[in-house]
Amino acid sequence: MSLKKFALLSICCLIFSLPYAMSQHKAKYKAVYQLNSDDDKTIRNTLRNIKNALEDPRLKGKVKIELVAHGGGVTAYKKDHPYETLLKELQDKGVILVECENTLRERNIAKEELFPFIQYTPSGNGELIIKQKEGWAYVHP
Amino acid sequence: MSLKKFALLSICCLIFSLPYAMSQHKAKYKAVYQLNSDDDKTIRNTLRNIKNALEDPRLKGKVKIELVAHGGGVTAYKKDHPYETLLKELQDKGVILVECENTLRERNIAKEELFPFIQYTPSGNGELIIKQKEGWAYVHP
Amino acid sequence: MSLKKFALLSICCLIFSLPYAMSQHKAKYKAVYQLNSDDDKTIRNTLRNIKNALEDPRLKGKVKIELVAHGGGVTAYKKDHPYETLLKELQDKGVILVECENTLRERNIAKEELFPFIQYTPSGNGELIIKQKEGWAYVHP
């Protein structure tokens, strides 16, 4: 590879990785939220709490949030429940929505029953532990 | 400024900042407590839990605690509720009592309805995330 | 002591401390669980959650867990309640089971009423704060 080609490639790499690097730089704060209840009030409170954290003037544009549902919390992600709009609103703001696969197995729920934009983790509890080890704050609403 | 004046000023600064530095030094441990329930039993348990933590022989004189109320937790700080004595007792021991301003807005509550010794934070959830980032432990009673 | 004796002693120390050092090395992740409810469903959920975390493929063999009971959570450790098998199963996998001594005093419960394999801490809340300071994740089921 000529020096010119190499230089060009380097510049391309730099340009394409820039937005990612910048978005990472922005997320000074990270928080993992736990949802383990099927109670409508608790689900709505949790989603509103996340919204409030995103809009806190001290955090705005500087916080990355992941919501981990396990146990009864799976209710929030089910197609036959009324939380799609609220969830999408959060996802549009960068919130990662994660469901515990142990819960699906224990409750005999197929992934097809959940909204297609949900992500999965082997165990919700494992996820809470790993994220904290990586420096994420933990909030149990 | 003469060297003499400068030396004098330096000494003054040192003397006045000493108690602060010492109090900071003492607080090896820091913990932020969350209160988001208006249930009397939960409120009393939370306040007693904080007291127990302050009196733990391993923490005594070495722990700084902040109580963050949001959602239903605002009840604990309202003048027309019976928690003033318990709160003042904790405040006398250095506990910071903080209320979420989002909650006040959402529930149409004026600051005048709360005890005058309460402090405020833009969002309770933001406060929980920021404090953990700064190394505070988090307890949800 | 001759040099030969000293060398022999050193080697023995090394050999005996090796398994301990290895087990410590393995526990890359540490988590402290809180149990402050006497509700049967909450107790069983908490114990199952811990089991799920232990078996998470990302954590298996690399996580150390401590369960701290205080307040109503003491119920899980009482001989006249049906959780012995579940608790022993967790203990066999290395889980440390700890009870708050403040709770025993407040509720007038003797240590003899709890299973003999339970350990004690001056205050459950203090324990949660200290463990987090030492880098343990915190989970409130």
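**Helices in chains A and B**

In this predicted model, the buried residues of helix H5 in chain A are Gly124(A), Asn125(A), Gly126(A), Glu127(A), Leu128(A), Ile129(A), Ile130(A), Lys131(A) and Gln132(A). This helix, which spans residues 124-133, is mostly covered, with nine of its ten residues buried. After H5(A) comes Gly135(A), which has a positive phi near 95°.

**Packing of H2 and H3 in chain A**

- Helix H2(A), residues 40-55, packs with helix H3(A), residues 84-92, at an angle of about 25°, and their axes lie 11 Å apart.
- Angles under 35 degrees count as roughly parallel, and H2(A) and H3(A) are therefore described as roughly parallel to each other.
- Where H2(A) passes H3(A), the crossing is left-handed.
- On the H2(A) side the contact is made by Arg44(A), Leu47(A), Ile50(A), Lys51(A) and Leu54(A), while H3(A) contributes Leu86(A), Leu87(A), Glu89(A) and Leu90(A).
- Sorted by class, the residues of this contact between H2(A) and H3(A) comprise six nonpolar, no polar and three charged.

**Packing of H2 and H3 in chain B**

- In chain B, helix H2(B), residues 40-55, and helix H3(B), residues 84-92, pack at an angle of about 25°, with 11 Å between their axes.
- That angle makes H2(B) roughly parallel to H3(B), and the crossing of these two helices is left-handed.
- The residues that make the contact are Arg44(B), Leu47(B), Ile50(B), Lys51(B) and Leu54(B) from H2(B), together with Leu86(B), Leu87(B), Glu89(B) and Leu90(B) from H3(B).
- The contact of H2(B) with H3(B) has six nonpolar residues, three charged residues and no polar ones.

Notes. Residues are numbered from 1 along each chain as its sequence is written. Chains are lettered from A and ligands numbered from 1 in the order in which they are written. This is a predicted model: local features need pLDDT of at least 70, side-chain atom pairs count only at pLDDT 80 or more; totals for chains, interfaces and linings use all residues. Side-chain values use heavy atoms; hydrogens and water are left out. Axes are lines fitted to C-alpha atoms, for helices over the stretch in contact, and angles run from 0 to 180 degrees between N-to-C directions. Helices (H or I, at least four residues) and strands (E, at least two) are DSSP runs, numbered from the N terminus. Angles under 35 degrees count as roughly parallel, over 145 as roughly antiparallel, 65 to 115 as roughly perpendicular and the rest as oblique. A crossing is left-handed if the near helix is turned anticlockwise from the far one by less than a right angle, and right-handed if clockwise. Contact means heavy atoms within 4.5 Å. Ala, Val, Leu, Ile, Met, Phe, Trp, Tyr, Cys and Pro count as nonpolar, Asp, Glu, Lys and Arg as charged, and the others, Gly among them, as polar. Buried means under 20% relative accessible area, exposed over 50%, partly exposed in between (1.4 Å probe, protein chains only).
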